[in-house]
Amino acid sequence: MKLKPGIESLDTDNVNVSHTSPLREFAILLVSAFALLALVYVLLGLLIDRAVDWIDPATEKAVFGQLSSALDDGTPPTNAEASLQDLVNRIQQCLDPGYQVEVDLVAESAPNAFALPGGRMIVTQGLIDQMESENGLAFVLAHELGHFANRDHLRGLGRGVVLAALSSIVLGTDSGLDAVFAPASMAGQARFSRERESDADRVSLGALQCHYQHVSGADAFFRALKTAGYGDESEPAYVHFFASHPDVDSRIASLKRLSREAGYASGRERPLPEALQ
Amino acid sequence: MSQLAIFVVLLALGYGFGRMAESRHYRSIVEREQRHARISTLTLRTLESEPATVRRTQLVSGNVVISVDYFKRVAAGLRGFFGGNVQAYESLVDRARREAVLRLKESCPGAAHILNLRVETSSIYKGRGNGIGSVEVLAYGTAVYFDVE
Amino acid sequence: MMMTNIETVPGKTISSCFGVVSGSTVRTKHAGRDIMAGLKNIFGGELRGYTELLGESRDEAIRRMQQQASQLGANAIVNVRFSTSSVAAGAAEIYVYGTAVVVE
């Protein structure tokens with residue numbers, strides 16, 4: 001048997017590796033993955049919208065009621081809370097989500113309000129502090145009631161849960177891929193959220209007209225946010241892409257446009273109830 | 001937002017340094033393979049006709065652990081989603097195995113042949129559970145030294 | 001290309017020997033198959049997707065090894081061994097190697 005030079009001596013291409021450009025392969029894979037994820041997200045979104053329409057308010061209250069009451073601080077309602085509840089009750093006559101919405105006031109300085117599944121609304125003290133008239137406050141409360149009526153709190157929850165499950169099942173948690181898709185799904189969620197916010201603004205404006213027979217003071221909250229520096233113009237444009245709410249200026253503008261189109265009246269604003277001043 | 005920025009930076013670093021390390025490693029592998037081509041490696045247990053008397057034999061081995069870079073890991077993850085040849089890891093595995101055999105040869109410079117070469121892999125990272133990928137190769141065989149070259 | 005996992009090709013004599021040739025692959029199945037395999041883990045039974053994957057990987061690795069052998073001008077590979085590694089989760093990584101020879 002004769003020994004001859006082995007494979008090391010040949011100057012041929014290495015057969016054990018592919019010779020395509022890794023960057024090109026990466027780009028193709030990334031684009032297809034994004035396309036696939038977008039498709040799945042849209043389809044699941046439609047599915048959730050159908051499912052949410054199928055759950056009636058009574059069922060929602062029964063399912064999430066326990067969670068919602070677990071959030072109750074247990075203390076008897078203060079004067080301020082009672083006064084807020086009264087305002088909500090009055091607006092509910094114009095905008096009924098299908099169940100009694102309960103309001104909680106929390107001592108938090110950032111101006112904000114949330115709609116939680118099961119018919120609980122959280123309002124921060126910071127929000128009350130920003131308000132000068134009852135109409136301005138009523139708009140924010142009606143906006144949250146609008147979320148309840150549109151079932152947005154359920155849609156948002158459903159999408160969040162589905163997206164999280166999808167990304168952990170399909171992409172795994174250690175592949176590093178979640179880092180690629182997290183910003184993408186965040187942007188998708190934000191766009192969905194901005195649409196829902198705009199719609200809640202529209203519904204809220206209608207409720208204000210119904211309750212006060214005019215819509216003056218509707219944009220009070222946004223104007224207050226602007227003076228407080230929340231809608232700062234110095235933010236780069238891409239921030240808007242990831243923001244879950246439309247920016248303050250465009251919300252004020254769209255409120256003006258909506259009330260002009262619907263022919264809503266303007267009138268005198270009422271002062272805040274005494275307990276809230 | 002910052003998450004995305006960190007990701008892009010890691011990806012670029014992984015790609016840049018990974019490519020650099022890989023091409024440098026391949027250059028060194030090819031150069032050393034030619035230098036040590038005189039030592040033939042066989043998976044056979046015996047040589048049927050021996051040209052000279054055997055002076056001594058010795059069990060020799062070489063091993064190497066090569067890490068995955070960030071770019072390769074993400075590319076492989078994406079490929080895993082669609083299925084097919086994982087191009088990113090092919091070169092990694094190839095490099096590791098050739099390097100292990102080279103180190104084996106370098107440990108016995110005077111040998112004429114390596115008989116019954118075996119290549120094994122282990123997995124140090126697996127138990128760590130932190131998702132750090134590496135290729136770990138152990139090559140071993142019997143080096144045969146002859147009296148007359 | 002003849003391949004054996006013994007040191008000779010029975011009935012023939014090895015006339016020359018080229019040293020080790022090898023082929024390796026890292027392959028995966030798409031995510032759908034991975035999910036199905038996860039489900040199968042509950043009920044047990046053969047993971048057909050992965051059986052297929054292992055087969056494909058093995059064939060591809062053998063093809064690459066044979067390519068190296070024919071580049072050298074060999075007509076047989078003796079003492080073929082398989083080895084596996086595990087870099088990527090859910091991927092089949094096959095390494096096959098043997099000695100390229102000419103038999104008569």
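Reply: Start with contact, which means heavy atoms within 4.5 Å. This is a predicted model, where local features need pLDDT of at least 70, side-chain atom pairs count only at pLDDT 80 or more, and totals for chains, interfaces and linings use all residues. Residues are numbered from 1 along each chain as its sequence is written, chains are lettered from A and ligands numbered from 1 in the order in which they are written, and side-chain values use heavy atoms, without hydrogens and water.

Me: Which residues does Ser22(C) touch, leaving out those up to four places away in sequence?
Reply: Ser22(C) touches Asn16(A), Arg64(C), Met65(C), Gln68(C), Tyr95(C), Val96(C) and Tyr97(C).

Me: Is Ser22(C) buried or exposed?
Reply: Buried means under 20% relative accessible area, exposed over 50%, and partly exposed in between (1.4 Å probe, protein chains only). Ser22(C) has 13%, so Ser22(C) is buried. In chain C, 53% of the 104 residues count as buried.

Me: Where in chain C is Ser22(C) found?
Reply: Helices (H or I, at least four residues) and strands (E, at least two) are DSSP runs, numbered from the N terminus. Ser22(C) is in strand S2 of chain C. Chain C has 2 helices and 4 strands. Their pattern along the sequence is β-β-α-α-β-β.

Me: Which strand of chain B is joined to S2(C)?
Reply: Two strands pair if DSSP finds at least two bridges between them. S3(B) is joined to S2(C), residues 14-28, by 2 bridges, and the strands run antiparallel. Asn85(B) has Arg27(C) as its bridge partner.

Me: How many residues does each chain give to the contact of chain B and chain C?
Reply: Chain B gives 32 residues and chain C gives 29.

Me: What area do chain B and chain C bury between them?
Reply: Buried area is the accessible area (1.4 Å probe) that two parts lose on being put together, summed over both. Here that is about 2600 Å², with 51% of it on carbon and sulfur atoms. On the chain B side, Thr43(B), Leu44(B) and Arg97(B) lose the most area to chain C, together 22% of what that side buries.

Me: How many salt bridges cross the interface of chain B and chain C?
Reply: A salt bridge is a side-chain nitrogen of Lys or Arg within 4 Å of a carboxyl oxygen of Asp or Glu. The rule finds 2 across this interface. One of them joins Glu7(C) and Arg45(B), with the closest N and O atoms 2.6 Å apart.
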